[in-house]
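Let's take a quick tour of a protein model. Have a look at the picture first, then we'll go through what's in it.

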Amino acid sequence: MSACLNEVQVAQPRLLLLGTGTVGSAFVARYQALRQRPLALPSLEIVANSRIALACTDAPDAALAQARDAQGGGAQQRREIGRLHAGDIVVDATASEDVAAEHAQWLAQGVHVVTANKLGNGTTLARARRIDGIVASGAACYGDAATVGAGLPLLSSIRALVAGGDHIHAIEGVLSGSLAWLFHRFDGSQPFSACVREAAAAGYTEPDPRIDLSGEDVRRKLLILARAAGVALEPAQVQVESLVPPALAALPAAQVGAELEQLDAPLHERLRQARGQGQVLCFVGRFDMRGASVGLCALPADHPLAGGRGTDNRVAIHSDRYSRQPLLIQGPGAGAEVTAAALLDDVLRIAAGR
């Protein structure tokens, strides 16, 4: 849901898409499909990446293909972004720190931001507070549903509970679709490294799987959820257990694929220990009033977080209202299509002034 408190009414906002990778491509495909429906869909005028910005005219798919093949240094992209006006909507489908660092500035100029990039609200508390403060002033809207759970109603549910006076005591969840898939797949019949290669081939992990296995992605998502719940966490306050051995972490990215077997022995032992106690392995992020942590957990098979399948995210919210049994939200937590759908949902909400 759009994190917008005082909505800004704007006639016919323009869209600018930043990012032409898998999520950006899925965004354009869904945008094209939605154009056939009677929706108040803003005009997608610019498609841009770190190399180029192109006008879409009536063919955003052609602009997307051209941008993906482009060479260059980004000067044209910077010029186009410099032409943004209040009421326009920037869609950030990147994972770029440089782009995320501009979110607050765009919002202050009255430019709405819709993002799948977790580096806006999922890094320093100062950056997150600046974004929240600008949004609270009514300057612009910030659509961040796609940053956690690929658009599952996590942030909207947490914000609705807080707005209704509920007090959230803890949130715990399987927050990484790629790690969810890996630990559902890893049953001891093959080495963990083989599961990682299978996940990478299916597009479930980043090209460098250490990004997923390090737990950093889950830390960012946990920070976003905690801040939505009113818990002012800094990144350093989250204890993170990385699954990547130090020797593997030190390798250049090009050498990682050949050395994934370094993962096998420690994870085989973790699986053996869990099964010996009738438990299952899940990679969990959790915060409560005592602290915050991210890491691999052995959970009872009937635990609320142990029931997902595939790339499912599964999140339990413990609060005054949900004290005896947590509110459980589950669904696909990875995939370009569901992420793109969440981005466009936020675009449509902002365009409609909701």
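Leaving aside its neighbours within four places in sequence, which residues is Phe 183 in contact with? They are Phe 192, Leu 243, Leu 267, Leu 281, Phe 283 and Leu 296. Keep in mind that this is a predicted model.

**Nonpolar cores**
- Phe 183 sits in the largest nonpolar core, which has 49 residues. It's among those with the most contacts inside that core, along with Ile 171, Leu 182, Phe 192 and Phe 287.
- Helix α11 (residues 216-228) gives this core its largest share, 7 residues.
- Apart from that one lies another core, of 33 residues, including Phe 27, Tyr 31, Ala 116 and Cys 141.
- In soluble globular proteins, nonpolar side chains tend to be buried together.

- Strands β2 (residues 43-48) and β3 run antiparallel, joined by 3 bridges. Ala 48 stands opposite Ala 53 in β3.

**Helix α15**
- This helix covers residues 336-351, and at 1.5 Å a residue its 16 residues should span 22 Å; the end C-alpha atoms are 22 Å apart, so the two agree.
- Just after α15, Gly 353 takes a positive phi of about 75°.

Definitions and conventions: Residues numbered from 1 in each chain as written. Predicted model: local features only at pLDDT ≥ 70, side-chain atom pairs only at ≥ 80, totals over all residues. Heavy atoms only, no water. Helix = DSSP H or I, 4+ residues; strand = E, 2+ residues; numbered from the N terminus. Expected span 1.5 Å × (residues − 1). Core = buried A, V, L, I, M, F, W, Y, C linked by side-chain atoms within 4.5 Å. Buried < 20%, exposed > 50% of the residue type's maximum accessible area, 1.4 Å probe, protein only. Contact = heavy atoms within 4.5 Å. Pairing = 2+ DSSP bridges.
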